[in-house]
Amino acid sequence: MVNILLNVSQRIADKIWVDEEGCWLWCGAQSSKEGLARCRVGDRVVWAHKYLYEQLRDKIPDGHRLKRTCREPSEVCVNPFHHEVRGCW
Ligand SMILES: [Zn+2]
């Protein structure tokens, strides 16, 4: 298991499977429409890739979104180091 995952709750880390490319493949709930990873934090349901980015890297500024930079074909990579912040357009 990747050491940085020790910084997130075990419940969330248990849903992540790290592949040989370093992608963190989400095995938890996904939105039916976009296929994006979702997780429950307290009483809220949040996007897992955004949650992990904010937990492990930095706050996402208002009006910005995350763009995935890896080539994992599905939308389930939640590795915060495979995402970067982009302004809206
Ligand atoms: Zn990835």
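Predicted model: local features only at pLDDT ≥ 70, side-chain atom pairs only at ≥ 80, totals over all residues.
Entry 1: I began with strands S3 (residues 38-41) and S4 (residues 44-47), which run antiparallel and are joined by four bridges.

**Entry 2: the overall layout.** Next I stepped back to the whole chain. I found two helices and six strands, and reading along the sequence I wrote down α-β-β-β-β-α-β-β. The C-alpha trace spans about 35 × 30 × 25 Å along its principal axes. How does the radius of gyration fit a compact globule of 89 residues? Such a globule would come out near 12 Å, and the protein has 12 Å, so the two agree. I also checked burial: 20% of the 89 residues count as buried. Among contacts with a separation of 6 or more, 41% join residues 24 or more positions apart.

**Entry 3: helix H2.** Which residues of H2 (residues 48-56) are buried? I listed Ala48, His49, Tyr51, Leu52 and Tyr53. A reminder to myself: an α-helix has 3.6 residues a turn, so residues three or four places apart point the same way. I then asked what the buried residues of H2 pack against, and found strands S2 (24-26), S3, S4, S5 (64-68) and S6 (83-87).

**Entry 4: the nonpolar core.** The largest nonpolar core has 13 residues, and those with the most contacts inside it are Trp26, Ala37, Ala48 and Val78. S2 and H2 each supply at least two residues of this core. The largest share, four residues, comes from H2.

**Entry 5: two alanines up close.** Setting aside residues up to four places away in sequence, Ala48 touches Trp26, Gly28, Ala37, Arg38, Cys39 and Val78. Ala37 lies in the loop between S2 and S3. Is Ala37 buried or exposed? Ala37 is buried, because 27 other C-beta atoms lie within 10 Å and 20 or more is the cut-off for buried. Beyond its neighbours within four places in sequence, Ala37 is in contact with Trp26, Gly28, Gln30, Trp47, Ala48, His49, Val76 and Val78. Last, I looked up Ala37 and Glu75: they are 38 residues apart in sequence and 7.5 Å apart in space, C-alpha to C-alpha.

How values were computed
Residues numbered from 1 in each chain as written. Pairing = 2+ DSSP bridges. Buried ≥ 20, exposed ≤ 12 C-beta atoms within 10 Å, placed from the backbone. Contact = placed C-beta atoms within 7 Å. Core = buried A, V, L, I, M, F, W, Y, C linked by C-beta atoms within 7 Å. Rg over C-alpha atoms; globule rule 2.2 N^0.38 Å.
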